[in-house]
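Subject: Structure handover

Hello,

Here is the structure you asked to look at. Please open it first and then read the notes below.

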Amino acid sequence: MQDIYILGSGAMGCLWASYFPSQYTLHFIQRHPCEDQFQFQVLPDATQHTVMCHKARDLNTPIERLILATKAYDALPAMESIAHLLSTDTQVILLQNGLGSQQAIAQAFPNVALFACSSTEGAYKQNASTLVHAGKGHNLIGPMNNNATQALLATWLPSNHYEWRDDINPVLWRKFMINCAINPLTVLYQCQNGVLLQETRYLSHMQRICEELDLLSAAQQFEVEVAFTAAKNVCELTAQNYSSMLQDHKKGNRTEIDYMTGYLLQLAQEFNIPCPANTEVYQSLVNLG
Ligand code: KPL
């Protein structure tokens, strides 16, 4: 019997729990007091899933397989809260948006096997016990350190739910560029992704952000497409979406701006590349609160 631990029981945590057939025992690790078990269904297939629930502080069994499904800003503190349960036998899949949290965890936990995932899966919670798997996408997974091998991951993660990438960094970077180009602007202009294509003023703002991203792609020697082309494409494909950052902002929650434009500005400083358009966007977002 394989135990799978999942930190973060939001939509992504539940979606990943649903990937595992019933011979696995699934565990949510939670910050707050919780019932012993959590049952939920996934629509549209109406599959039923049961997960054991534990408070982080009450756990004392070593963790071998962990899926970290928190927001980017919670990722490192969440790992630290269970550090005593991790060992050289631990494998962790990181699902965070943006960049920066993966690098911080790789630095703080060099002994575990760390994998990072870039996902286009879409899911939301309709209510506490119903998850809607709205957009079937792809999970691309690769190593964040040398302990993380394809063979190791294949021993537990069902192969129909991911594709392996030997070099995950350009994959994470491509998604990062798209998020930096779209998400902050949707908050600034309070609009769906598709609206960014319709207003000339919004589109030229996106272009200025993207030109700076292209300089950073080149500085890191990533062979990725031009950021503006990639971002416009995603705006078209997700025209009706409210970006994750706009949703967070509307709910009054913290946004992941520090792991998108904020991380971009850190890189810009490292490579000594001026990024005035992104600096301005970052400041506007921080001022919005
Ligand atoms: O990933 C996204 C997000 O909202 O965070 C995009 C691609 C912008 C889709 O909405």
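Two strands count as paired if DSSP finds at least two bridges between them. By that rule strand β3 (residues 37-43) pairs with strand β4 (residues 47-55), in the antiparallel sense and over six bridges. In this pairing, Q37 stands opposite M52 in β4. Please keep in mind that the model is predicted.

The sheet

Strands of a sheet pair through backbone hydrogen bonds, and the pairing is either parallel or antiparallel. Here the sheet is open and has eleven strands, in the order β8-β9-β3-β4-β2-β1-β5-β6-β7-β10-β11, with mixed pairing. Its edge strands are β8 (122-127) and β11 (163-164), each of which pairs on one side only.

β8 and β9 form a hairpin, with two residues between them.

Helices across the sheet

Which strands does helix α2 lie across? Helix α2 (residues 72-81) lies across β1 (2-7), β5 (65-68) and β6 (91-94), and runs at about 150° to β5. Helix α3 (residues 101-108) lies across β5, β6 and β7 (113-119), and its angle to β7 is about 175°.

Two loop residues

N145 sits in the loop between β10 (139-143) and α4 (150-154). Is N145 buried or exposed? Its relative accessible area is 16%, so N145 is buried, the cut-off for buried being under 20%. A polar atom of the N145 side chain lies 3.2 Å from the backbone nitrogen of L114. The side chain of N145 also reaches the backbone nitrogen of N147, again at 3.2 Å. If neighbours within four places in sequence are left aside, N145 is in contact with F109, P110, V112, A113 and L114.

S18 belongs to the loop between α1 (11-17) and β2 (24-30). S18 is buried because its relative accessible area is 18%. With neighbours within four places in sequence left aside, the contacts of S18 are V42 and H49.

Aromatic rings

A pair of aromatic rings is described by the distance of the centres and the angle of the planes. A search of the whole structure finds ten aromatic pairs. One of them is F20 and Y24, an edge-to-face pair with 5.0 Å centre to centre and 65° between the planes. F20 has a relative accessible area of 4%, so F20 is buried. Y24 counts as buried too, at 15% relative accessibility.

F38 and F40 form a stacked pair, with 5.6 Å centre to centre and 25° between the planes. Why does F40 count as buried, while F38 is partly exposed? F40 counts as buried because its relative accessibility is 2%. F38 has a relative accessible area of 21%, so F38 is partly exposed, since buried means under 20%. Elsewhere in the chain, W173, F176, F222 and Y263 form one aromatic cluster.

Regards

Key. Residues are numbered from 1 along each chain as its sequence is written. This is a predicted model: local features need pLDDT of at least 70, side-chain atom pairs count only at pLDDT 80 or more; totals for chains, interfaces and linings use all residues. Side-chain values use heavy atoms; hydrogens and water are left out. Helices (H or I, at least four residues) and strands (E, at least two) are DSSP runs, numbered from the N terminus. Buried means under 20% relative accessible area, exposed over 50%, partly exposed in between (1.4 Å probe, protein chains only). A polar contact is a pair of N or O atoms within 3.5 Å; within protein, one must be able to donate a hydrogen and the other to accept it, and residues adjacent in sequence count only if both atoms are side-chain atoms. Contact means heavy atoms within 4.5 Å. Axes are lines fitted to C-alpha atoms, for helices over the stretch in contact, and angles run from 0 to 180 degrees between N-to-C directions. Rings of Phe, Tyr and Trp (its six-membered ring) pair if their centres lie within 6.5 Å; planes under 30 degrees apart count as stacked, over 60 as edge-to-face and the rest as tilted.
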